[in-house]
Every structure is written in structure tokens, then in C-alpha cells.
Amino acid sequence: MNHVHVAGAELAPEWLPAAGDVNEVVPAMWAHDVERGHSGELTISGVSVSELKAQFGTPLFVMSEDDFRLRARTFKDAFDAAFADICGGVDVYYAGKAFLSTEVARWVDSEGLRLDTCSGGELAVAKRAGLKGENLGLHGNNKSAAEINQAIDMGLGRIVVDSLHELRRVGDLAAARGEQANVMLRLTPGVHAHTHESIATAHEDQKFGLSFIAEDPEAPGMSAAEAAAKLAVETASINFLGFHAHIGSQIFEAEGFEIAARKLLAFTHKIQESYGITLPELDLGGGYGIAYTSVDAPRPAAEVAAAMAAVVRETCAELGMSAPRISIEPGRAIVGSTTFTLYETGTLKTVQVEVDGQEGVTAPRRYVSVDGGMSDNARPVLYEADYSAIVANRSSAEAPALSRVVGKHCESGDIVVRDVYLPNDVAAGDLLAVPGTGAYCWALASNYNYVPRPPVVAVSNGTARLIVRGETEDDLLARDLGA
């Protein structure tokens, strides 16, 4: 196949998708209850996108509650089965930073998962949802005193600490209250995760975690991780649970997780032997990838669980140690594919762009503008994230055209889908659906250009309901105190 590149896109004129293929629903990218109805219109749990548009408007985040619950159960069941003989199962913490609302927090709880939070605001959501503090964790590299006290007030099962400075802060605040704080230490195992630099979190030169390698200036001859472990053991107001690592996000390869698990277990064994203690927990993080486009191939939860269990089982046997209780933190892998964003198309234009490496040769690229953009999906701007899109309100047998889906904001970088084939007859007023927007889209949403953030709708058993109300211009102006 002789591919050419058009302004960064791969274009193969002799291998274009067949007419109609560009509007196919690729199952791996969507919730399990999304399909095309008899009329060719996209439906979710039997509810059509035109019904959703009429009731809630666009742009709109459309989430399958049934798919969310299914994915949550799948992770819990798969990891419990794989680790049953090692540590009696696994504690699955849903990473709320991906997407969180009170309704979602209740789904998490009812499916037997725990919840990982990253701020006082996320803790407030968990509290409002009625979750027990013992089933919550708190992350963050710079927790405020108020957030730490809030965590202790709620009896959190774990506070994940990123630095010696923060460890002292947690210890001092707990001591002042005459209480103990449940603490895990986040380590940077130095594992290179094959993902975008901005979402790789286990290398040395970044803000998260305690280094295995770098000597702590306050503890000569000891790494930061060793110094923190020593301090945690010696601090009466700290209930030292164990270690935590997170190597990154949107990862497909197994090797990084396996190397990190071996390093963490070896370090756990070393600290236990050094201080004559038993650390009851070990968190191996999350970061499992999902299918944003048809070329992504995420591994099933059962396969991930089996591979990780094999490494833990083998490493513990080699070290002659009992396995701590293992926990993991999937977020994107549970919520990402449950949701698509529904947009309405507006203006369209076609430009001629130079073909890479072929001087004087041009090819058409069509710009399809929608009524949202970077204010509801910042990931393409932040991470060069790839997405796909299909015409959702109808089927089409028209030939495919290389297209770029762009937003309505006053930025040339306001790109929703950089390169996608859409039917040649896409027109203003059509509905476009972008799959895989459940994770880090609403959570990162902004009011850039004073655009209100969209609502979130949950669909189940043929019924759609708001779980997050969309903003209005009155909401935006309510905080503006000018006369």
C-alpha cells in the first residue's frame, strides 16, 4: 500500500474506505448498547440521537449507565478471580478524575468498587453520594491542610503521599488532632510507559512520587523512597499501609506494569525486612488503554489481570514473602468508552493542502465545524489525542472524504478530530457522534470564549436522564460581580 501524507494525515487514494464503511459503528470504540437503528440513525439503549438532541440539545455527553456498570463489574470480577489465591482478591478503586458525579459515585459503590479522589471537591462529591470514607482514597502532590483534615474527618481508607514534605504535613496534622492518618507512599519506579509524555507518570523528572534512585538531601545515603518509608514507620500519627505507583495512562503494552510490580514488591520486601513490619497493601495503579480509533487494540480486563497476577505470584515466591492486598485504579478503562459526545454540524469548507514529500501535489481536506470543541474536549490540544467521528442521525452511501472536525472557538488549534473520513454528503444540521469521550473530557471542560459546559445524560433501559445539568449563560454571569 503506497500511502502519502496530507498535512500530517495518512491518505491512500487507492485504498479509501468503501462507501458506507465510514459510518460503521466499530464495537470496540463504543458502549455495548450503541447501534444503528433500522432507519440508519444511531441509538443508545434504544434511544435515538435525534430524541436526545430534541430533549437536551447539543453539544451533549451521552453515557450508557449499563455499559459503565458492566465494565466496572468486569474489572472487579476479573481481578478478584486472578488474585483469589494470592491475596484473596483485589480492591478496585475507580479513578474519579476521569469523570465523577454523585450518580457515577453511587454506581461505583453499588458495583463493589471503591473510589479514588484527587481533591477536596471530589471528596465532597463522594460524601454527597453517601460513600463510606473507608472506601475512599485521596491523591494529589500538593494537598492543602483543609483537604488533609477533610480526609481525616471522613476516615479515609488511604491518603496517598507524594513527598517527604507532604508526609510530615500529614503526620503533623493528624498528631495535632490526636489521630492516625492512613497513608500510602507513592513511588516513581522509573518505568518508561509508552504513552504521551504528559501522561507518563513514573519517570524521574516529573512532579509525582518518591524516587527509588535520587538521594534525599535530608537523608544522606538513602533514596527519597527509603527516607519516606523510614519516616512513615517512625511517625506515630501515621498508619503506614504500603506503597503505590502509577506509570501513566492510555497504555497497551504489559511490560511496564509487570516491571513496576516487580520493583514495588522487591522494595516492599526490603522495607519489611529492614523494620520488622508487615505492610498490608500495595497499589499497582491504573492507566489501561481504550480504543479511541479503529487501530487501538486494548487488552481485555481478564488478560491484564492474569498477566499481573502471574508476576505478583512469581515475585512473591522468589522473595519468600506473603503478598499484600493488591489494589488497582482503572478510570478511563471503565468510563471512557461508555460515552460519546453528540454535536451538530455547522459550517463546512474544503481547502487544498500540499501532500508531504510531493512538491506541487495537492489534495482536498474538508473542515467540518461543530457546535462544541476544545471547551468540552481539551485532549487533542493537550495531548495530540486522536478521536474518530461518524454521522449519527442517518446512514449514507456516499463516497468518503478526508475531513477534519473542528470546534467553534477562536483558536486555530481547536480541533476535535484531526483526520477522519466522513461521507461526502455531510451537511450543516447533521449530527456527529465522537466516541470515547467519557474520560477527561467533561472533567477538563472549560468556559473558553464564555461557552457554557455541556450537560451529561445517562441512558439505561430505553430512558435518558440528566445526571449533570448543562450550564447557561446566566450561570456564567452569576459569578461576574461587575455592575
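Ser 64 is buried, at 0% relative accessibility, where buried denotes a relative accessible area under 20%, exposed over 50% and partly exposed in between (1.4 Å probe, protein chains only). The model is a predicted one, in which local features need pLDDT of at least 70 and side-chain atom pairs count only at pLDDT 80 or more, while totals for chains, interfaces and linings use all residues. Residues are numbered from 1 along each chain as its sequence is written, and side-chain values use heavy atoms, with hydrogens and water left out.

Ser 64 is placed in strand 6 (residues 60-64); helices (H or I, at least four residues) and strands (E, at least two) are DSSP runs numbered from the N terminus. The side chain of Ser 64 is joined to that of Asp 33 by a polar contact of 2.8 Å. A polar contact is a pair of N or O atoms within 3.5 Å; within protein, one must be able to donate a hydrogen and the other to accept it, and residues adjacent in sequence count only if both atoms are side-chain atoms. When residues up to four places away in sequence are not counted, Ser 64 touches Ala 31, Asp 33, Ile 44, Thr 338 and Val 459, contact being defined as heavy atoms within 4.5 Å.

The domain assignment of the protein chain gives domain 1 (9-65 + 337-477) and domain 2 (89-335), with bounds that come from an automatic or database domain assignment. The centres of the two domains, taken over C-alpha atoms, are separated by 34 Å. In the interface, 24 residues of domain 1 are in contact with 19 residues of domain 2. The size of an interface is often given as the accessible area lost when the parts come together. Here, domain 1 and domain 2 bury about 1900 Å² between them, 64% of it on carbon and sulfur atoms; buried area is the accessible area (1.4 Å probe) that two parts lose on being put together, summed over both. Of the area that domain 1 buries against domain 2, 27% is supplied by Met 29, Tyr 383 and Tyr 440, more than by any other three residues.

On the side of domain 1 that touches domain 2, the elements giving two or more residues are helix 11 (379-383), strand 22 (456-460) and strand 23 (463-468). The rule finds 1 salt bridge across this interface, a salt bridge being a side-chain nitrogen of Lys or Arg within 4 Å of a carboxyl oxygen of Asp or Glu.

By this rule the count comes to 25 salt bridges. In one of them, the closest N and O atoms of Arg 69 and Glu 111 are 2.8 Å apart. Arg 69 lies in helix 2 (residues 65-87) and Glu 111 in the loop between helix 3 (102-110) and strand 8 (114-117), so the pair ties together parts that are 42 residues apart in sequence. Arg 69 and Glu 111 are both buried. Glu 103 forms a salt bridge with Arg 465, with 2.6 Å between the closest N and O atoms. A network of salt bridges links Glu 65, Arg 69, Arg 73, Glu 103, Glu 111 and Arg 465.

A salt bridge is also formed by the side chains of Asp 419 and Arg 365 (2.5 Å, N to O). This pair links distant parts of the chain, with Asp 419 in strand 20 and Arg 365 in strand 17 (residues 362-370), 54 residues apart. Asp 419 is partly exposed, with a relative accessible area of 27%, whereas Arg 365 is buried at 1% relative accessibility.

Several positions carry annotations in an unreviewed UniProt entry; UniProt positions are given in the numbering used here, feature names are shortened, and annotations may be inferred rather than shown by experiment. The annotation "binding site" covers Gly 287, Glu 329, Pro 330, Gly 331, Arg 332 and Tyr 440. Pro 330 is found in the loop between strand 15 (325-328) and helix 10 (332-335) and is buried, with a relative accessible area of 1%. Arg 332, in helix 10, is buried with a relative accessible area of 5%. The feature "active site" is placed by the unreviewed entry at Cys 410, in the loop between strand 19 (400-406) and strand 20 (415-423). Cys 410 counts as exposed because its relative accessibility is 64%.
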